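Thanks for coming, everyone. Please have the sequence and the 3D view open while I talk.

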Amino acid sequence: MSHATPAPPALSHDPSWPRTGGWSAPDGTPADLVLVGIPTSQTSLSPTNAYETPAAVRDALRRYSSHVVAESAPDARGDEAELVLDEALRIIDAGDLADPDTEEGERLAAERVRQLSETAQLLVALGGDNALTVPAALGVAGADLATAGLITLDAHHDLRDGRSNGSPVRRLVELGLDPSRIVQIGIADFANSRAYRQRAKELGITVIHRSELRTRSLAEIVGEALAVAGAAGGPIHVDLDVDVCDRSVAPGCPASIPGGITADELRLATRLLAADPRVRGIDIAEVDATADAPDGRTVRLAALLVLEAAAGLAERLGR
């Protein structure tokens, strides 16, 4: 006898604890932050249902509030600055873009991202596997690709040949992104090859290895990355490949490995990066919601990255 999967319990309702997410669709009015789904998955090197992830992240956002409290000091407890992101920022949700895995779909996705970026301070793209970084970065750069920069938080170089979730950085270079303004943070041992390490070196990509995050402050590393990626004064796109995290916190990423960075480190890096006005786009990649742990920890982390990006933007705008 077959049994239907029980529906998840409804979230509680408390008028004094409003939930975030559920943002309105675009209406032509400029936004502070625009969210868009780019559900790539068909060219993945590992079997994935990552196309289901944008909807799962939107659902997970409802588990959180948008209340943010600034860091305090021992002599100022209770006087910390605080804000509610949903009140401080205008956030819109542009929905999901259709068929982004095909050449034409990718082109149309990049064009739509460009249009959305022109009316927002920050665009956050929900993947999808890492193939979404190509249309997201191209769209954010727009006509300024020649001066644009890219920062990735990723265990992998993503410099493979062909067209897949393992090739977005190589493809962006071939499309005109200057590799001297690409910074890769979190590249891990046992997750790459000598050939692709050599390719990164020959291209002049700045590689900040996973081990450096154990000995240097994250703020210092982010500062270095921003200086390199923003050296030509163009827009910076940030690729948050969640498999940079330890597998214990990102089991829904097919290629995450034990020993990656912590969820807190990725959250902090996201907020620091989003606070910089040169960062115009962020994508959240490589989460397969259908492969997550029963508690949904990877999808919940992805939802928190959306909120950390919004918090960084609020800081940037002085809200």
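Look at Ile-185: it stands opposite Ile-208 in S8. This is a predicted model, where local features need pLDDT of at least 70, side-chain atom pairs count only at pLDDT 80 or more, and totals for chains, interfaces and linings use all residues. Residues are numbered from 1 along each chain as its sequence is written, and side-chain values use heavy atoms, with hydrogens and water left out.

A word on names. Helices (H or I, at least four residues) and strands (E, at least two) are DSSP runs, numbered from the N terminus. Two strands pair if DSSP finds at least two bridges between them.

Back to S8. Strands S7 and S8 run parallel, joined by 4 bridges. Now zoom out. The open sheet has 8 strands, in the order S4-S1-S5-S10-S9-S6-S7-S8, and the pairing is parallel. Strand S4 (91–96) and strand S8 (206–209) are at the edges with a single partner strand each, so one side of each has no neighbour in the sheet. From one strand to the next, the twist averages 15°. Axes here are lines fitted to C-alpha atoms, for helices over the stretch in contact, and angles run from 0 to 180 degrees between N-to-C directions.

Next, strand S9. Is S9 enclosed or open? Buried means under 20% relative accessible area, exposed over 50%, partly exposed in between (1.4 Å probe, protein chains only). In S9, 6 of the 6 residues are buried, so this strand is largely enclosed by the rest of the structure. In a regular strand, side chains alternate between the two faces of the sheet. See that here: Ile-236, Val-238 and Leu-240 point one way from S9, while His-237, Asp-239 and Asp-241 point the other way.

What are the partners of S9? Strand S6 is joined to S9 by 5 bridges, running parallel. There, Leu-150 stands opposite His-237. S10 pairs with S9 over 6 bridges, also in the parallel sense. On that side, Val-238 stands opposite Ile-282.

Now a gap beside these strands. How many cavities of 30 Å³ or more does the structure hold? There are 2. On a 1 Å grid over the protein atoms alone, a cavity is a set of points where a 1.4 Å probe fits but cannot get out, and lining residues have an atom within 4 Å of a point. Grid points are joined across faces, edges and corners, and a volume is the space filled by probe spheres set on the points.

The second largest cavity has a volume of about 60 Å³. Its lining includes Leu-150, Ile-236 and His-237. H4 gives the largest share of that lining, 3 residues. By class, the lining has 10 nonpolar, 2 polar and no charged residues. Ala, Val, Leu, Ile, Met, Phe, Trp, Tyr, Cys and Pro count as nonpolar, Asp, Glu, Lys and Arg as charged, and the others, Gly among them, as polar.

The largest cavity is about 80 Å³ in volume. Its lining has 5 nonpolar, 4 polar and 4 charged residues.

Last, Arg-181. Where does Arg-181 lie? Find the loop between helix H5 (168–174) and strand S7 (182–187). Arg-181 counts as buried because its relative accessibility is 8%. Contact means heavy atoms within 4.5 Å. Leaving aside neighbours within four places in sequence, Arg-181 is in contact with residues including Ala-148, Gly-149 and Leu-150.

Conventions:
1 Å grid on protein atoms, 1.4 Å probe; cavity = no way out; pocket = protein on both sides within 12 Å on 5 of 7 lines; lining within 4 Å.
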